[in-house]
Structures are given as structure tokens and as C-alpha cells.
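Thanks for coming, everyone. Please look at the sequence and the structure, and I will walk you through them.

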Amino acid sequence: MIDYLVYHARQLPILSVVCYLLVVNLLTFLTYRYDKRAAIDRRWRIPESTLHMLMFCGGTIGAFIAQRRLRHKNRKQSFQVVFWILCVIQCMILMLLLFR
């Protein structure tokens, strides 16, 4: 399975990967912003699992920036634990893809 992922990751043009990451990080940031506004206005909120999934799909930088700039989800300990666990998992996957 890992060999399959490594092979296909190396086949993607770098521009496609960069474009994907830009889009998913922007989407993640905007989703955090929407959720922050919904929290202030006491409206329906985005589920935390959705925020984590966006982050895990490549929106880590957008999530990190949103947490710091918008001061959203940066104090809730259970959310932060999952956030940092997902960051470590992503780093491990990246190391596998780059150095295998």
C-alpha cells in the first residue's frame, strides 16, 4: 500500500499539488471563519470532525493560521489534541513519501 502511494505521489506534477494545497488551505481557513462567525451569532456550527477532515486533507496551514488569527478553536483542549495528533500523522506520511 505504501509503495502504491509513493509511486503515485511522485507521478503528480508539482504544480497540481501546489494548486490543490492552496485551494484546500483557503477552503479550510474560510470554513474556520464561517464557524467563528456562527459561534458569535449563535447559529448552526460546523462539526469539529469536518474541520479536522479539512485539515487532514491538506488544510493544516490554513487551519493553523485560522486558529491563531481568528482565535478560534485554539483554547479547546480536546480539539487541539486531535489537531496536533493529525499534524504528527501528516508529518510521518510526508517523511515516508519524501524519503522512501
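Helices (H or I, at least four residues) and strands (E, at least two) are DSSP runs, numbered from the N terminus. Residues are numbered from 1 along each chain as its sequence is written. This is a predicted model, so local features need pLDDT of at least 70, side-chain atom pairs count only at pLDDT 80 or more, and totals for chains, interfaces and linings use all residues, while side-chain values use heavy atoms, with hydrogens and water left out.

Let's start with the loops. R71 sits in the loop between α3 and α4. R71 is not a glycine, yet its phi is positive, about 50°. Is R71 buried or exposed? Here is the scale: buried means under 20% relative accessible area, exposed means over 50%, and partly exposed is in between (1.4 Å probe, protein chains only). R71 has 65% relative accessibility, so it counts as exposed.

Now R42. It lies in the loop between α2 and α3. Its phi is also positive, about 55°, and R42 is not a glycine. R42 is exposed, at a relative accessible area of 78%.

Next, salt bridges. The rule is a side-chain nitrogen of Lys or Arg within 4 Å of a carboxyl oxygen of Asp or Glu. How many salt bridges does this rule give? The count is 5. One joins the side chains of D35 and R45, at 3.0 Å, N to O. D35 is in helix α2 and R45 is in the loop between α2 and α3, so the pair ties together parts 10 residues apart in sequence. D35 is buried, at 0% relative accessible area. R45 is partly exposed, at 33%.

E48 and K73 make another, also 3.0 Å, N to O. Here E48 lies in helix α3 and K73 in the loop between α3 and α4, so parts 25 residues apart in sequence are tied together. E48 is partly exposed at 22% relative accessibility. K73 is buried at 13%. Salt bridges that share partners also join R37, D41 and R43 into one network. Within that group, the side chains of R43 and D41 meet at 3.6 Å, N to O. R43 is partly exposed at 37%, and D41 is partly exposed at 40%.

K73 has a second contact to show you. It lies over the face of F79, 5.5 Å from the ring centre. The test is NZ of Lys or CZ of Arg within 6 Å of the ring centre and within 35 degrees of the ring normal.

That brings us to aromatics. Rings of Phe, Tyr and Trp (its six-membered ring) pair if their centres lie within 6.5 Å; planes under 30 degrees apart are stacked, over 60 edge-to-face, and the rest tilted. The whole structure holds 3 aromatic pairs. Take Y32 and F79: ring centres 6.4 Å apart, planes at 80°, so edge-to-face. Y32 lies in helix α2 (residues 14-40) and F79 in helix α4, so this pair ties together parts 47 residues apart in sequence. Y32 is buried at 0% relative accessibility. F79 is buried at 0% too.

F83 and W84 are another edge-to-face pair, 5.0 Å centre to centre, with 90° between the planes. F83 is buried at 0%. W84 is partly exposed at 41%. F64, F83 and W84 form one aromatic cluster.

Who touches F79 and F83? Look at H52, in helix α3. Contact means heavy atoms within 4.5 Å. Leaving aside neighbours within four places in sequence, H52 is in contact with F79, V82, F83 and L86. H52 is buried, at 11%.

R10 is in helix α1 (residues 2-11). R10 and L98 are 88 residues apart in sequence and 9.0 Å apart in space, C-alpha to C-alpha. With neighbours within four places left aside, R10 is in contact with L97, L98 and R100.

For contrast, take a cysteine. C19 lies in helix α2, and it is partly exposed at 40%. C19 and T50 are 31 residues apart in sequence and 21 Å apart in space, C-alpha to C-alpha.

That is the tour. Questions, please.
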